[in-house]
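This report walks through one protein chain, from its overall form to a few individual residues. Please look over the sequence and the model shown here before reading on.

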Amino acid sequence: MLYLAIESSCDETAAAVVYSPQGQDVFEIRSNLVASQIEIHARYGGVVPEIASRAHAETVAPLTQRALAEAGVTMEDIDAVAVTSEPGLIGALLVGVNFAKGLAYAYKKPLISVNHIRGHIAACFIEHKVKAPYAAFVASGGHTSLMYAESYTDYETVGRTRDDAIGEAFDKIGRVLGLTYPAGAEMDRLASLGNPDAYKLPGAAPLDDSLDFSFSGLKTYVINLLNTEKMRGTEIVKEDICASLTKAVTTSVVKRLKDAHRIYGYKTLCAAGGVMANSHLRSAMADFCKKENVELVMPSVSLCGDNAVMIAIAAKYEFEKGNIANLGLDGEPSSKHDRV
Ligand code: KG4
Ligand code: ZN
């Protein structure tokens, strides 16, 4: 089966062609193109939804054409068209969804609707054989979710952020620190040079029995701290702020993974999403998993961020389960499929 996948849920337009034989967990990436809008949004310090939609609309058709050409195939060779339909910026999602619907209709191909968060998790299957059940942690600029999966298509959201996503907190604090949007990668680098104990910061795992996160308190605390220090004329050591923030985030994430392990006793953990490119989070998670004898599966750093290969892989499992979307498919800003 040859899948064409399209992703446009936030600020990256992506198209990929992936081959995967039916019933086998084998994937050949025939093309993988990502057109980032970061430069456009950087001057505003964050994603401007209307600008994102327009950029997707300009890019999606030529990018898809290039993805087909690089794979050496035409639309006739494609067996199914996959698209991210939720969650994300509604205007941005609609560009990809409508484009994919047009292709599916014109070329009489099955259309497969993919949840972006499940897509991120599917990036873990590219280089590793993952056996269900497993827990999954997805951290990106827009999402922070803890899930439990009985199979590649049967997910339950057991914890989520109640406000800001981790990446959003990194990016907003980064803006106050004068870092370029998106700030995550630069913060990662600065954190390695700073003292993680320089500032005592609040955690992001609420003190209750839930598996939820809350990053807005931590974000506001750090931004207030930076503003106060600035007013006092105290010099801010960016490296120390980044190191302390990273420590607060990783400690909270590992705490929730521990809580979830107590409840679900999972043996495998898939961790994905743009923020999982973070070297400190990757090593803190590896330490935790080693101690608990849990197998940790993470995509390589280049496949942590938004891409369409992950959408094709999630689509394969939906397709093989018979989950074909109809041409009435709509974009949904939040995940409607996940039980909480
Ligand atoms: O998954 P993604 O590409 O897009 C969304 O679905 O949101 O994630 C983007 C997010 C941004 O907030 C960016 O700052 C963050 O991932 N990010 C990182 C790192 N690289 C990217 N955060 C922390 N450490 C990194 N190395
Ligand atoms: Zn994403």
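## Overall form

A compact globule of 340 residues would have a radius of gyration near 20 Å, and the protein chain has 20 Å, so the two agree. The model is a predicted one. Taken along the principal axes, the C-alpha atoms of the protein chain fill a box of roughly 65 × 45 × 30 Å. The protein chain holds 10 helices and 10 strands.

Of the 340 residues in the protein chain, 55% are buried.

The charged side chains number 33 positive and 41 negative in the protein chain. The centres of these two sets lie 3 Å apart.

## Aromatic pairs

How many aromatic pairs are there? The count comes to 11 aromatic pairs. In one of them, the ring centres of Y3 and F319 are 6.2 Å apart with the planes at 80°; planes over 60 degrees apart count as edge-to-face, so this pair is edge-to-face. The pair links distant parts of the chain, since Y3 belongs to strand 1 (residues 2-7) and F319 to helix 10 (residues 309-320), 316 residues apart. Y3 and F319 are both buried.

Another pair is formed by Y148 and Y264, whose ring centres are 4.8 Å apart and whose planes stand at 25°; planes under 30 degrees apart count as stacked, so this pair is stacked. Here too distant parts of the chain are linked: Y148 is in strand 7 (residues 144-149) and Y264 in helix 8 (residues 238-264), 116 residues apart. Y148 is buried, at a relative accessible area of 14%, whereas Y264 is partly exposed, at 30%.

Beyond these pairs, one aromatic cluster is formed by F27, F125, Y134, Y152, Y155 and Y317.

## Helix 5 and its surroundings

Helix 5 covers residues 166-176, and its buried residues are I166, G167, A169, F170, D171, I173 and G174. An α-helix has 3.6 residues a turn, so residues three or four places apart point the same way. Which elements do the buried residues of helix 5 pack against? Their partners are strand 6 (134-139), strand 7, helix 6 (184-191), helix 7 (216-232) and helix 8. Strand 7 and helix 8 are also the elements that hold Y148 and Y264. Just after helix 5, G178 takes a positive phi of about 85°.

| Residue | Relative accessible area | Class |
|---|---|---|
| S53 | 11% | buried |
| V48 | 25% | partly exposed |
| R282 | 16% | buried |
| A315 | 0% | buried |

S53 lies in helix 2 (residues 49-71). Not counting residues up to four places away in sequence, S53 touches G91, A92 and V95. V48 is in the loop between helix 1 (38-42) and helix 2. The C-alpha atoms of V48 and D11 are separated by 8.8 Å, although the two residues are 37 apart along the chain.

R282 is placed in helix 9 (residues 279-292). Where residues up to four places away in sequence are not counted, R282 touches M276, A277, L296, M298, P299, S300, V301 and C304. One of these, M298, is 16 residues from R282 along the chain, and the C-alpha atoms of the two are separated by 8.3 Å.

A315 is found in helix 10, the helix that also holds F319. Leaving aside neighbours within four places in sequence, A315 is in contact with Y3, A82, I112 and V114. Y3 is thus a partner of A315 by contact and of F319 by ring pairing. How far apart in space are A315 and T220? From C-alpha to C-alpha the distance between A315 and T220 is 38 Å, and the two are 95 residues apart in sequence.

Key. Residues numbered from 1 in each chain as written. Chains lettered and ligands numbered in written order. Predicted model: local features only at pLDDT ≥ 70, side-chain atom pairs only at ≥ 80, totals over all residues. Heavy atoms only, no water. Helix = DSSP H or I, 4+ residues; strand = E, 2+ residues; numbered from the N terminus. Rg over C-alpha atoms; globule rule 2.2 N^0.38 Å. Buried < 20%, exposed > 50% of the residue type's maximum accessible area, 1.4 Å probe, protein only. Lys, Arg positive; Asp, Glu negative; His and termini not counted. Charge placed at Lys NZ, Arg CZ, Asp CG, Glu CD. Phe/Tyr/Trp six-rings, centres within 6.5 Å; stacked < 30°, edge-to-face > 60°. Contact = heavy atoms within 4.5 Å.
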